[in-house]
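Let's take a walk through a protein fold together.

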Amino acid sequence: MTHEPVVLADAVRRISEDSGGELEIYIIFDADRPQLALQAAEDEDIAVQLHEGIEDVRRSVAAAPRCLPVRCMGCKRLLKKSAYAVVIAAPARPVVANGLILAFCTRCAATQLEVRVHAEIALRKL
Ligand SMILES: [Zn+2]
């Protein structure tokens with residue numbers, strides 16, 4: 001556990017190199033999921049990948065054991081008990097090959113803009 005930040009920093013550097021320093025930030029609220037699912041069903045590449053990524057995150061949050069819950073990156077509230085937005089920061093091209101995933105509860109950030117501000121602050125800290 002003590003070396004986790006190093007691993008994370010490596011991952012961030014790799015993602016950053018892959019992207020030429022340019023990360024695309026995708027923010028998906030619960031309310032956006034039906035639309036994303038529709039777009040994924042129409043086989044829009046980016047939507048398919050985002051949809052899979054988001055559903056993976058939501059499954060992980062729901063299945064996280066009590067001793068290791070997934071928490072909001074802003075206030076540490078348990079995500080399982082909150083509405084939350086998922087952020088995927090990934091190289092802009094080709095698409096979401098390897099991204100970094102963050103999540104914020106809607107008490108910390110209720111709009112796209114608020115989530116983006118929180119995400120950019122969190123990414124700078126990594
Ligand atoms: Zn929060």
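Start with a way to tell inside from outside: a residue is buried if 20 or more other C-beta atoms lie within 10 Å of its own, exposed if 12 or fewer, and partly exposed in between, with C-beta atoms placed from the backbone. What you're looking at is a predicted model, where local features need pLDDT of at least 70 and side-chain atom pairs count only at pLDDT 80 or more, while totals for chains, interfaces and linings use all residues. Residues are numbered from 1 along each chain as its sequence is written.

Lys76 has 11 other C-beta atoms within 10 Å, so Lys76 is exposed. You'll find Lys76 in the loop between α3 and β2. As for those labels, helices (H or I, at least four residues) and strands (E, at least two) are DSSP runs, numbered from the N terminus. Lys76 also has a positive phi of about 70°, although it is not a glycine. Asp43 has a positive phi of about 70° too, and is not a glycine either. Asp43 sits in the loop between α2 (33–41) and α3, and it counts as exposed because it has 8 C-beta neighbours inside 10 Å.

Now for the sheet. Here 3 strands form an open sheet in the order β1-β2-β3, with antiparallel pairing; two strands pair if DSSP finds at least two bridges between them. β1 (23–28) and β3 stand at the edges with a single partner strand each, so one side of each has no neighbour in the sheet. On average, neighbouring strands of this sheet are turned by 20° against each other, direction ignored. Axes here are lines fitted to C-alpha atoms, for helices over the stretch in contact, and angles run from 0 to 180 degrees between N-to-C directions.

Helix α3 (residues 45–63) packs on the sheet, touching β1, β2 and β3, and its direction makes about 130° with that of β2. Zoom in on β2 (residues 84–91) and β3, which run antiparallel and are joined by 6 bridges. Val86 stands opposite Ala103 in β3, and Ala89 stands opposite Leu100 in β3.

How many of the residues of β3 (residues 100–105) are buried? The count is 5 of its 6 residues, so the strand is mostly covered. Ile101, which is in strand β3, is partly exposed because 16 other C-beta atoms lie within 10 Å. Leaving aside neighbours within four places in sequence, Ile101 is in contact (C-beta atoms, placed from the backbone, within 7 Å) with Gly53, Val57, Val86, Val87 and Ile88.

What about the middle? A nonpolar core is a set of buried Ala, Val, Leu, Ile, Met, Phe, Trp, Tyr and Cys residues joined through C-beta atoms within 7 Å. In the largest one, with 25 residues, Tyr84, Ala85, Val86, Val87, Ala103 and Phe104 touch the most other members. The elements giving two or more residues to this core are β1, α3, β2, β3 and α4 (112–125). β2 gives the most, with 7 residues. In soluble globular proteins, nonpolar side chains tend to be buried together.

Finally, look at α2 and α3, which pack at an angle of about 135° with their axes 8 Å apart. Angles under 35 degrees count as roughly parallel, over 145 as roughly antiparallel, 65 to 115 as roughly perpendicular and the rest as oblique, so α2 and α3 are oblique to each other. Where they meet, Arg33, Leu36, Ala37, Gln39 and Ala40 in α2 face Ala47, Val48, Leu50, His51 and Ile54 in α3.

Conventions. Contact = placed C-beta atoms within 7 Å.
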